[in-house]
Amino acid sequence: MSNAHIPFNFPHLTGGEIINIEKAHQLGRLAGDGFFTKECHQWMKRQFDLPGALLTHSCTAALEMMAILADLEPGDEVIMPSYTFVSTANAFVLRGAIPVFVDVRPDTLNIDETLIQKAISSKTKAIVPVHYAGIACEMDVINQIAKDHHLLVLEDAAQGVMSTYKGRSLGALGHLGAYSFHETKNIICGEGGALTINDDRFLERAEIIREKGTNRSKFFRGDVDKYSWVDVGSSYLPGEISAAFLLAQLDQAEQITDKRLMIWGHYHEALQELEESHHIIRPTVPEGCEHNAHMYYLLVKDLGVRTALIEYLRERGIMAVFHYVPLHTSEAGKRFSKASEKLSVTENIADRLIRLPLYCDLSQEQIQKIITSIKQFFVKKA
Ligand SMILES: *Cc1c(COP(=O)(O)O)cnc(C)c1O
């Protein structure tokens, strides 16, 4: 067996990226909102059945736009899981709001929808479901709770591009959503993201916030005869080179997703026996969820086993990694946010989760080597 290094991630190229970038240059416009950005917007609106989609320079930027659009006042509360990336919380903290953490479900590691109701106070303004590993949260229940309490639903769909819940795309289930095209995600352009708009009342203001608080987009469409400062905002749009790169990836989004699903399925089948022998727990995909194979993770017995397994794989050239440090246990998390109650599942799974390499260019041989190494590790332990 070869000892060649297997990285945790490797950015996939479709081949169309460079061609598009050259074309962007020939078109003579490299700033934002040119031909390729508009093509990406159309593609997303069509593919995900959205009234609006705006490219941003990251998912973090899209989350920040979302938090501005939510019109939060200092002290307002936003319900979210603690088991997530820092930007989910930071975007709202920047507006003076307080993230209120709710525990996750032990099966999907998504926010536990049955615990949301208890976390709602008179200050609550929004629920932020994070679709972990591209597998949907229980959105029917979450949307109903939000409706009953007049709350916004703001999806962190960073990992959920091309996933669906009961036939509808992630990012198109709440009022607003955020996608990531960071190189560690499925569809990439280095650093990039998008704000998805699923409620018409946000369309106009979203454009303004993204264009430094000006009505420049309206001006370029010829809707107004000059543009000026009309609202708060920042520069959230990517340049055309990023958009050109991204469009080549979007054009191949189905092929990319199929390839990843094949690898995911290969892991899932091969590791079933380790679940049956109680060494690991594999991911759960609830009924009604079509996922995008963003991630393949395992839950092992405890932190000791995880550390040993990561080390065992590293010695064989395989880079497996753990994931989030729960935000409520972090330094800034303690300062800026609060937990609704004891987050037992979050604390338990955070120490036990290990992610395996998953990217389009992973070869059959490499997948086999990873699977064999994991099996050997547990045979030795037994
Ligand atoms: C990757 C990720 C982000 C941040 O995405 P960027 O594009 O890097 O800003 C936010 N939330 C979640 C859940 C993510 O996985």
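**Cavities and the domain interface**

The largest cavity is lined by Asn9, Phe10, Pro11, His12, Glu183, Lys185, Asn186, Ile188, Ile256, Arg260, Tyr359 and Cys360. The model is predicted: local features need pLDDT of at least 70, side-chain atom pairs count only at pLDDT 80 or more, and totals for chains, interfaces and linings use all residues. Residues are numbered from 1 along each chain as its sequence is written, and side-chain values use heavy atoms, with hydrogens and water left out.

A cavity is a set of points, on a 1 Å grid over the protein atoms alone, where a 1.4 Å probe fits but cannot get out; lining residues have an atom within 4 Å of a point. Two cavities of 30 Å³ or more are counted. The largest has a volume of about 50 Å³ (the space filled by probe spheres set on the points, which are joined across faces, edges and corners). Its lining holds six nonpolar, three polar and three charged residues. Here Ala, Val, Leu, Ile, Met, Phe, Trp, Tyr, Cys and Pro count as nonpolar, Asp, Glu, Lys and Arg as charged, and the others, Gly among them, as polar. Domain 1 (17-250) and domain 2 (253-381) each supply at least three residues of this lining.

The second largest cavity has a volume of about 40 Å³. Its lining consists of Ala158, Gln159, Val161, Ser180, Phe181, Lys185, Asn186, Ile187, Asn292 and His294. Four of these residues are nonpolar, five polar and one charged.

The protein chain is divided into domain 1 (17-250) and domain 2 (253-381), with bounds from an automatic or database domain assignment. Their C-alpha centres lie 26 Å apart. In domain 1, 45 residues are in contact with 37 residues of domain 2 (heavy atoms within 4.5 Å). The two domains bury about 3500 Å² between them, 59% of it on carbon and sulfur atoms. Buried area is the accessible area (1.4 Å probe) that two parts lose on being put together, summed over both. Tyr83, Phe101 and Asn186 of domain 1 lose the most area to domain 2, together 20% of what that side buries.

Two salt bridges are counted between the domains (a side-chain nitrogen of Lys or Arg within 4 Å of a carboxyl oxygen of Asp or Glu). Lys338 and Glu77 form a salt bridge through their side chains, at 3.0 Å from N to O.

Key
On a 1 Å grid over the protein atoms alone, a cavity is a set of points where a 1.4 Å probe fits but cannot get out, and a pocket is an open set with protein on both sides within 12 Å along at least five of seven lines; lining residues have an atom within 4 Å of a point.
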